[in-house]
Amino acid sequence: MDERDLRQAGPIVLLGGGHAHLEVVRHLGQLGLGRDLAGGVTLVSPSRHAPYSGMLPGHIAGAYGFAEFHVDLLALCRGHGIRFLETAATGIDPERRRVFLQDGSRLDYRLLSIDIGSTPVLPPAVTAGIPVKPIASFAERLLRLDALADQGRPLALTVIGQGVAGVEVAFALKRRYRGRPIEIALAGRAPRPVPERSLRAGRLVERELAKAGIAHHRDFDVVAVEDGEVLAKDGRRLKADEFVWTTSSGAPAWLRETGLLLDPDGFIRVDEKLRSLSHSNVFAAGDVAALVEPRPKAGVFAVREGPVLADNIHRSMTRGRLKAFRPQRAWLALISLSDGRAIADKWQLALLGRWVTRWKERIDSRFLQRYRTM
């Protein structure tokens, strides 16, 4: 396809301001597609500000302000000649190539890419508590905890979910409310914290939880919340003034009405090129994508998918050969604690120190700077 054909190719719609789409905006903008493509490129997101998930614990702990861990999508899009709409998608008609938006409008596309994240999976009929996801709006929900803490009375806060996210949130809350009469607890169904990481990382986390005074309730499979208590499957109860959910991720429910091929959990099934298995002109990345080689719903994969997704969208418009995304089998986890130290875990090797925090800060800073420089 030559340059003339490209100008007649039709619009690209990007749903969601996730980590992968940040790179798509930057890449397509540098190629001039926002200005040259017929219909241009449009990014749709319910929020103008896209959070970098790796820095959320630091924000909770008070180390970063709101602006420091967010990317301004409007500014990013304007700098790259791409249209930005601050609204959410409510449906997709892949046969008519149409997206329906919350504000009542609709967008037609030639090519669609979806990076809308995920939602927390809670026990049936449970609505109590504060979910961490979607991260884009968690800063607002955090104000509920601050309002409780500002009352000055003793409080008990329980974080539910023992993965890296849950552990980091528990430590971050401990630091945020240090000096106040607030007890932090961690609970989950696994026999140890961070069960997805190495045994040594789990032991280090267990030790640091005890040192920080964070109670750990292992083998606590939450099935209900009743009268300010979480109820475990084995009958145990845990009282708390508020609960923070960091449990496993689920797909947005409206995707089941789209006709896209989904996995049993409702995520969009994609091939190695990040292309929908049912509709070749639809891509998906980040949490919402079900990869050929399944991986955890973690930001590290969305970040690594970004360059491949961006290149493949461009190649799709120019009839080029698409690249495969090869997710790494071993990936680095940097687990922030409550005292300025962090744990680095990879290849069954776990190390702890303040130097890990400085290393993490450099990684985070480089990522954000990439999308703040026009």
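Helices here are DSSP runs of H or I with at least four residues, strands are runs of E with at least two, and both are numbered from the N terminus. This is a predicted model, where local features need pLDDT of at least 70, side-chain atom pairs count only at pLDDT 80 or more, and totals for chains, interfaces and linings use all residues. Residues are numbered from 1 along each chain as its sequence is written, and side-chain values use heavy atoms, with hydrogens and water left out.

Q: What makes His59 part of a helix?
A: His59 is found in helix H4, which covers residues 56-61.

Q: Why is His59 called buried?
A: Buried means under 20% relative accessible area, exposed means over 50%, and partly exposed lies in between (1.4 Å probe, protein chains only). His59 has 12% relative accessibility, so His59 counts as buried.

Q: What does the side chain of His59 reach?
A: It reaches the backbone oxygen of Tyr64 at 2.9 Å. A polar contact is a pair of N or O atoms within 3.5 Å; within protein, one must be able to donate a hydrogen and the other to accept it, and residues adjacent in sequence count only if both atoms are side-chain atoms.

Q: Which residues is His59 in contact with, leaving aside neighbours within four places in sequence?
A: Contact means heavy atoms within 4.5 Å. The partners of His59 include Tyr64, Phe66, Phe69 and Arg176.

Q: Why is the pair of Phe66 and Phe69 called edge-to-face?
A: Rings of Phe, Tyr and Trp (its six-membered ring) pair if their centres lie within 6.5 Å; planes under 30 degrees apart count as stacked, over 60 as edge-to-face and the rest as tilted. By this rule the count comes to 5 aromatic pairs. The ring centres of Phe66 and Phe69 are 6.4 Å apart and their planes are at 75 degrees, so this pair is edge-to-face.

Q: Are Phe66 and Phe69 buried or partly exposed?
A: Phe66 has 36% relative accessibility, so Phe66 counts as partly exposed. Phe69 has a relative accessible area of 1%, so Phe69 is buried.

Q: What makes Phe367 and Tyr371 an edge-to-face pair?
A: Their ring centres are 5.2 Å apart and their planes are at 65 degrees, so the pair is edge-to-face. Phe367 is buried at 10% relative accessibility. Tyr371 is buried too, at 4%. Tyr52, Phe367 and Tyr371 form one aromatic cluster.

Q: Why is Phe100 called partly exposed?
A: Phe100 has a relative accessible area of 34%, so Phe100 is partly exposed. Phe100 sits in strand E7, residues 98-101.
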